[in-house]
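The sequence and structure are shown next.

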Amino acid sequence: MEERYNIEEIINSLDGIQRAEPQPFLFTRIMGRMRKEEKTFDQVLYKLITRPALVLAIGCFFIGLNTYFIVDRLENSNPIVDNSQPLAAEYNPQHINPYEEPNELP
Amino acid sequence: MTEQELIKGLREGDHHAFKKLVETKQSLVFNTVLGLLQNNEDAEDVTQDVFIKVFESIHQFKGESALSTWIYRVGVTTALEFIRRKKRKKRFGFLSPILGDDNEPTLELSDFHHPGIELDNKEKAAILFKAIQQLPENHKVAFILNKVEGLSYQEVAEIMKTSLSAVESLLHRAKTNLKEILKNFNNLTQ
């Protein structure tokens with residue numbers, strides 16, 4: 001800045017300022033913009049489902065669900081099944097000790 | 001159309017009322033926003049934003065102040081948001097916090113020539129506008145509303161939702177700050 005003006009002169013340079021006016025047809029431009037910004041249901045839906053946060057959340061949900069089912073299946077793949085009881089029930093053994101002689105009365 | 005009729009029309013979504021509002025308040029909004037942004041294209045865009053906001057949120061206007069006061073408030077808030085957004089963009093875009101202190105006034109400012117300034121004062125006003133950009137937000141708002149928009153201290157106080165004495169103090173400090181900034185401009189360019 002050149003030393004041509006003193007500071008007071010600069011501070012007072014806005015005295016007598018006139019209001020600035022916008023370009024003509026402001027209302028038409030505003031209406032055009034409002035129409036442009038009006039969104040259809042499809043556009044809103046598309047914008048919503050393509051949100052990175054939503055896509056990430058859905059992805060995490062499905063990965064979590066898959067992990068749960070995989071872990072659950074692995075835990076249940078080799079179950080220790082006690083088959084003796086159903087087998088015993090099926091053959092209905094009467095004597096328990098083979099060394100024990102049955103009491104045979106004359 | 002009285003102000004009450006205008007407000008009623010806006011609340012009903014009447015486009016004729018909206019057109020009337022734009023026609024009567026456009027220079028008020030544009031001039032204030034231009035003073036704060038110091039860029040014609042940005043001011044045109046933000047002026048449109050302001051009117052859309054006013055139309056869409058007229059139900060929030062409770063009539064506690066004049067409609068103009070409320071519109072000024074929307075205008076100032078929208079312009080300040082725009083400036084903050086632009087600063088954020090600039091900061092992250094060019095990594096300026098790494099290169100220098102963010103509070104340090106930047107001198108990479110373009111010359112702004114307000115169209116309402118008399119020819120004799122154009123150069124001095126351009127220097128002043130450059131200095132105004134470096135004021136804190138509330139100083140800048142008070143100074144623009146008082147000096148560029150020509151509002152009284154009372155009107156500025158109503159727009160800024162503060163007391164008359166607070167506005168007097170703000171403007172006094174704004175002028176003191178401006179003098180300091182202008183002095184530094186002198187030192188830097190000598």
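How many residues of domain 1 of chain B are in contact with residues of domain 2 of chain B? In this predicted model, eleven residues of domain 1 of chain B are in contact with twelve residues of domain 2 of chain B. The domain assignment places domain 1 of chain B at 1–99 and domain 2 of chain B at 105–190, and the C-alpha centres of these two domains are 20 Å apart.

On the side of domain 1 of chain B that touches domain 2 of chain B, helices H2 and H4 (67–94) of chain B each supply at least two residues, and the largest share, five residues, comes from H4(B). The residues of that side divide into four nonpolar, six polar and one charged.

**Positive phi angles**

Most residues other than glycine have a negative phi.

| Residue | Phi | Loop in chain B |
|---|---|---|
| B:Gln38 | about 55° | between helix H2 (15–37) and helix H3 (40–56) |

Is B:Gln38 buried or exposed? B:Gln38 counts as buried because 22 C-beta neighbours lie inside 10 Å, where 20 or more are required. B:Lys161, in turn, has 10 other C-beta atoms within 10 Å and is therefore exposed, the cut-off for that class being 12 or fewer.

Notes
Residues are numbered from 1 along each chain as its sequence is written. Chains are lettered from A and ligands numbered from 1 in the order in which they are written. This is a predicted model: local features need pLDDT of at least 70, side-chain atom pairs count only at pLDDT 80 or more; totals for chains, interfaces and linings use all residues. Helices (H or I, at least four residues) and strands (E, at least two) are DSSP runs, numbered from the N terminus. Domain bounds come from an automatic or database domain assignment. Two residues are in contact if their C-beta atoms, placed from the backbone, lie within 7 Å. Ala, Val, Leu, Ile, Met, Phe, Trp, Tyr, Cys and Pro count as nonpolar, Asp, Glu, Lys and Arg as charged, and the others, Gly among them, as polar.
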